[in-house]
Amino acid sequence: QVQLVESGGGLVQPGGSLRLSCAASGSIFSINTMGWYRQAPGKQRELVTAITNDGSTNYADSVKGRFTISKDNAKNTVYLQMNSLKPEDTAVYYCNARFLGVLHTPHNYWGQGTQVTVSS
């Protein structure tokens, strides 16, 4: 079994910062990519940012320059530092991991989601 445990969401004022964490544990051989998606009410889930095993990153245009993804390989943990938050960043943020299991089969797992609300 594999688990993705997220933490760090909450309520923040516009212009504020939050840091999300996602720790992967369980029957993982190697992680290829970890990332963050978000889904606002009435909208489709969208990619926010992702980081590959070799450290390559990509960001949605709407968060470039404000959000930073990083990872700790030893802990199978990915972080999302969100600065200069805007009301339009309000959404449920989901961690995603694409990895090889112990039998070297590919898997795509999702965290349970953490709410981020940006409001004054």
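This report describes the fold, strand pairing, aromatic contacts and one threonine of a predicted model.

## Overall fold

The chain has eleven strands and zero helices. Read from the N terminus, its elements therefore run β-β-β-β-β-β-β-β-β-β-β. The radius of gyration is 14 Å, close to the 14 Å that the globule rule gives for 120 residues, so the chain is as compact as a globular protein of that length. Along the principal axes, the C-alpha atoms fill a box of roughly 50 × 25 × 25 Å.

Of the 120 residues, 39% count as buried. Among contacts in the chain with a separation of 6 or more, 54% come from residues 24 or more positions apart.

## Strand S4 and its partners

Strand S4 covers residues 28–39 and pairs with strand S9, residues 91–101, in the antiparallel sense. Ten bridges make up this pairing. Within it, Thr33 stands opposite Arg98 of S9.

S4 also runs antiparallel to strand S5, residues 46–52, and six bridges join the two. Here Tyr37 is the residue opposite Leu47 in S5. S4 and S5 form a hairpin, with six residues between the strands. In the turn, Gly42 has a positive phi of about 75 degrees.

## Aromatic pairs

A pair of aromatic rings is described by the distance of the centres and the angle of the planes. The chain holds two aromatic pairs. One of them joins Tyr37 and Trp110, with 4.9 Å between the ring centres and 70 degrees between the planes. This pair counts as edge-to-face because the angle is over 60 degrees. The pair links distant parts of the chain, with Tyr37 in strand S4 and Trp110 in strand S10 (residues 106–110), 73 residues apart. Tyr37 is buried, at a relative accessible area of 17%, whereas Trp110 counts as partly exposed at 34% relative accessibility.

Phe99 and Tyr109 form a tilted pair, with centres 5.4 Å apart and planes at 50 degrees. Phe99 lies in strand S9 and Tyr109 in strand S10, so the pair ties together parts that are ten residues apart in sequence. Phe99 is buried, with a relative accessible area of 2%. Tyr109 counts as partly exposed, with a relative accessibility of 27%.

## Arg45 over two rings

Arg45 lies over the face of Tyr94, at 3.7 Å from the ring centre. The charged end of Arg45 also sits over the ring of Trp110, 4.6 Å from its centre. Trp110 is thus a residue with two such relations: Arg45 sits over its ring, and Tyr37 forms an edge-to-face pair with it.

## Thr77 in strand S8

Thr77 is found in strand S8, which spans residues 77–82. Its relative accessible area is 9%, so Thr77 is buried, the limit for that class being under 20%. The side chain of Thr77 reaches the backbone oxygen of Lys75 at 2.9 Å.

Leaving aside neighbours within four places in sequence, Thr77 is in contact with residues from two stretches of numbering.

Notes: Residues are numbered from 1 along each chain as its sequence is written. This is a predicted model: local features need pLDDT of at least 70, side-chain atom pairs count only at pLDDT 80 or more; totals for chains, interfaces and linings use all residues. Side-chain values use heavy atoms; hydrogens and water are left out. Helices (H or I, at least four residues) and strands (E, at least two) are DSSP runs, numbered from the N terminus. Buried means under 20% relative accessible area, exposed over 50%, partly exposed in between (1.4 Å probe, protein chains only). A polar contact is a pair of N or O atoms within 3.5 Å; within protein, one must be able to donate a hydrogen and the other to accept it, and residues adjacent in sequence count only if both atoms are side-chain atoms. Contact means heavy atoms within 4.5 Å. Two strands pair if DSSP finds at least two bridges between them. Rings of Phe, Tyr and Trp (its six-membered ring) pair if their centres lie within 6.5 Å; planes under 30 degrees apart count as stacked, over 60 as edge-to-face and the rest as tilted. A charge sits over a ring if NZ of Lys or CZ of Arg is within 6 Å of the ring centre and within 35 degrees of the ring normal. The radius of gyration is taken over C-alpha atoms; the globule rule is 2.2 Å times the number of residues to the power 0.38.
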